[in-house]
Every structure is written in structure tokens, then in C-alpha cells.
Amino acid sequence: MLLSMKLTDISPAIALTPLDGRYHKQTAPLVEYMSEPALNRERMRVEVEWMILLANGFEGNGNQTIVPGVKPLTDDEQAYLRSIPENFGAEGIAQHAAYEAKTHHDVKAVEYYIDDQLEKAADVLGHDTQLTGLKTLVHFACTSEDINNLSIARCVKNGVEQVWLPAAQAIVDHLAQKADAYRDKAMLSLTHGQPATPTTLGKELAVYVYRLNRQLNKVKAQEYLGKINGATGTFGAHLAACPDVDWVAVSREFVTNRMGLTWNPLTTQIESHDWQAELYGTISHTNRILHNLCVDVWMYISRGVFAQVPVKGATGSSTMPHKVNPIRFENAEANLEISCSLLDTLSATLVESRWQRDLTDSTTQRNIGSALGYSLLALNNLMGGLNSIHPNDVAIQAELDSNWEVLGEPIQTAMRACELAGLPGMDKPYEKVKELMRGHEISKDDVERFIDQQAFDKATAARLKALTPATYTGVASKLVDFDR
């Protein structure tokens, strides 16, 4: 009997999810912010910045040491502490993992890892440094969630602002450029899948620019909250250890100025995650607008409004050589749906916690990177798809030329206006136009003949006769200017 090689035995490890396997190249930028090592590195940043604040104080307390007995750290000592997270690489990841294997606690493993680095401080700074004796200042008065909530907020903030948002903005900028370029390119509208009042391709793209910009502006204005206030949000341990310190002021200073977040003064053991629900809801909404865009473009391609540029050497079908499939848009659709499912779950579940805390949020938040990763992957594919299409002028014009019945709307509306102005013979305008045009093939001659049969004044008749499906676009081209 032949035994298959176990894929789990292959090194380096084979990824379970496509984000870290097949699509790693597209999602790799998020690894710097949303991976487990990135979170641990951020935890270390929080821990060492807390140590620096406790030792050196801040302007609000006269830059006095906050914890009695600790001397202010020198510039070199502060630099050494800050180098700990910056130098957290493959060796550090393995060392942290070894500690976590013993403690079964990721934050405690971070604390022990920093302790190890403090022991090595004398080798770099000399034996006079006080860092080797400051292990007890690591994680001082902190609960794990003091470290976690700040670290996760900073990871998410950086991941969104440095990776996801630029990718989403690039889509909007591309659409805005095309909206401007095609502002005058008339095309047939379809409402309920049937020919309707013409529009312009630029105006239709501008609709998406406007919708997406509203959501991206919300993301740009998003607050990222943080707290550092102890096991149940009361500063109990802080006051027990150092009763003369204004710990509320220290907390505000640390969260706001050292962590770059919005201070949350009222929490249980955990920061309440409401900001996360808001953010993920907005990104999920953005995903759904993008999904709508993918579907629309896919159908425009199917209809011939957009033509695809074949990629040299690519295969569309394993059996039909002629195929050029809109796979980028289909891939984007699917990954936007997966992203939304994760983001919606995060939004719905993170806002609940039993009493002062439970641990459900811990494992849930480990999927934030995946939620953003699938959206990023979709953005990558969508941009690739948009770059591979262009308007098919022949097909667009053929649709317009084949649907003169869409001019029934301006004609019957003009008849209404004439009737209201007291011009005789304009009764039942809607019914008259409907009888001529509904369900019939209509030509330019049919339209002009109908206009001649009505009692229009010469100017109105001339204006209506001058209309064609390609010119009946109202102020569509001007509306593009509102997309910003």
C-alpha cells in the first residue's frame, strides 16, 4: 500500500487559508500590521512606552517620575527599550513562542521576553544602567487587556490607514478619472433590465465615486479608542501601589499622546469595542458598494458596453479557446462576500461581553486580519479588472440607435408642459405616446412623424426633433462634477 506524503510534514509550513497561500503576494502588506507577530511587536511597544512614561513622567506632572524609586531613564536607555520591538524578528518570534508554550498566555510571554532583553541591557549600555533591575516595572499595574486593547487598536489603525485605505482610495481615484474622461459618452440605461432614459458612462461611474467617497470619509474620520485602567477599569491596583498619583491623568496622557488613540475613560476590564463595530460596519458597507460595482461592470461586459483586453498567454477556458472571462470581477465579488461575513460577525459579537469581561473577543479579534485581507484581495482584483476594460464604442452606439422609443419620455413631458401652458390638442400625452411606442420597434422617422402630428410650437417641435438617444442625456455630464 502506497502512503501519501503528509502535507503537514512539509517545511516551511503549507498555509491553510488562501490569504497566506495562493494569495500571499496580494495580502502580504497586511502581515506587517495584522499578523500574530505584528500584534506581539505592538504589545512590546505598548509595554516599553508604559515603562518610559512611568519612569520619566510627562509635561502634565512636571516630567516627574510616576512610580517612586524609579530613576528617570536616560536617552540611551529609552532608545534601548524602544529597540526591543523594532528588533523583534525570527529569533524573537521563536523565543516568544517558547514562553507562550510554557505559560499558555501570550501577553505574559511578551512580559518574559522583555525581561530577557532587560537582562542583556548591560551588554549594550554598560553595568551602570538601571534597566537590568527594572523587570518589576514591566507590565506595572496592568491587566492583559490594557496591553491588548491598545495593541489591537494600533494594529488595526495602521493596517487600515497604511494598507486598506490606500488600496480603496486607488479604486475611487481610478473611477473618478474614468468618470471625468467618459462624462460625455452617452449610453443606454436599463431599468428593470429594459431600455430606459439614456445616461453617460461617466455619470454612472461618478455615482460609485460619490457612494464610495462617503464611506471612505467615515473611515478617515474613524476614532480608535483605547484604555489603560486596570483589571475592571477602576485603577484599583494603581492607587493601592501609588496613592498619590493622578492615575486618570496618566492614563489619558498615555492613550492619547503616547499611543495616538482616543482615550476611553469608562470601561470594564476590556475596551468596549464599539469603535471596532463602527469601523467594520463602514468597511463592510464599502465592500457591498464595491460588490455592486463588480456586478454592474460584469453585466456591462456581458452586454458589450465594456470590452476586455486579453492578457497574452492567459487561458479563459480549458476547453473553449476563444473565452476572455471577467474573472477579476468574479474573484472580487467572492472575496468581498467573505470579507463582509467576517466583518459583520466582528461587528455583531465584539460589542457584547459578559459582565466585566469574557474571553470570546480574544479569539474573535484574531480574525480581523482575515476580514481586511479578503477585502484587500478583492480591491487588488477589482483594480486589475478595471485596468483591463475599455468602452466598446460600436456596441454602445448600436444600443442607442436601436432604441428610439426612449424619446417617448421627453416628448410626453413636453406635451404636458404645453397643455399646462394652455396649448390646445395636448390632452392625454402619456397615453398617446404609450400607444405609439410601448412594445413597438420605433425609428427616427416614427418619432419625427409623431412630433409633426402634435400641435407643438415651432421651437418646441424643433427642439424635440433634434433629440436622439445619444443626445438625450440631460445634465449627466455636469453631474460628474459632484462626485467629489
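This is a predicted model: local features need pLDDT of at least 70, side-chain atom pairs count only at pLDDT 80 or more; totals for chains, interfaces and linings use all residues.
1. Residues are numbered from 1 along each chain as its sequence is written, and side-chain values use heavy atoms, with hydrogens and water left out.

2. The protein chain is divided into domain 1 (26-144), domain 2 (146-311 + 324-391) and domain 3 (404-477), with bounds that come from an automatic or database domain assignment. The centres of domain 1 and domain 2, taken over C-alpha atoms, are separated by 31 Å, and their contact (heavy atoms within 4.5 Å) takes 31 residues from domain 1 and 37 residues from domain 2.

3. The largest pocket has a volume of about 670 Å³; a pocket here is an open set of points on a 1 Å grid over the protein atoms alone, with protein on both sides within 12 Å along at least five of seven lines, and lining residues have an atom within 4 Å of a point. Grid points are joined across faces, edges and corners, and a volume is the space filled by probe spheres set on the points. Of the 32 lining residues, Met34, Ser35, Glu36, Gln365 and Arg366 are the closest to the centre of the largest pocket. Because domain 1 and domain 2 both give residues to this lining, the largest pocket lies between them.

4. Six elements, H1, H2, helix H5 (106-119), H7, helix H13 (360-365) and helix H14 (368-386), each supply at least two residues of the lining of the largest pocket, and H7 gives the most, with six residues. Helices (H or I, at least four residues) and strands (E, at least two) are DSSP runs, numbered from the N terminus. By class, this lining has 12 nonpolar, 12 polar and eight charged residues, where Ala, Val, Leu, Ile, Met, Phe, Trp, Tyr, Cys and Pro count as nonpolar, Asp, Glu, Lys and Arg as charged, and the others, Gly among them, as polar.

5. The second largest pocket holds about 530 Å³ of space and is lined by 18 residues, of which Pro195, Glu405, Val406, Met437 and Arg438 lie nearest its centre. Strand E2 (194-200), helix H16 (408-420) and helix H17 (429-437) are the elements that give two or more residues to this lining, which draws at least three residues from each of domain 2 and domain 3.

6. There are two cavities of 30 Å³ or more, a cavity being a set of grid points where a 1.4 Å probe fits but cannot get out. The largest cavity has a volume of about 90 Å³, and its lining has eight nonpolar, two polar and one charged residues. The second largest cavity, of about 50 Å³, has a lining of two nonpolar, five polar and two charged residues, with the largest share, four residues, coming from H7.

7. The axes of helix H1 (residues 24-34) and helix H2 (residues 36-56), which are lines fitted to C-alpha atoms over the stretch in contact, come within 6 Å and cross at roughly 30°. That makes H1 roughly parallel to H2, a term used for angles under 35 degrees, on a scale that runs from 0 to 180 degrees between N-to-C directions. The contact is made by Val31, Glu32, Tyr33 and Met34 of H1 and by Glu36, Ala38 and Arg41 of H2.

Key: Angles under 35 degrees count as roughly parallel, over 145 as roughly antiparallel, 65 to 115 as roughly perpendicular and the rest as oblique.
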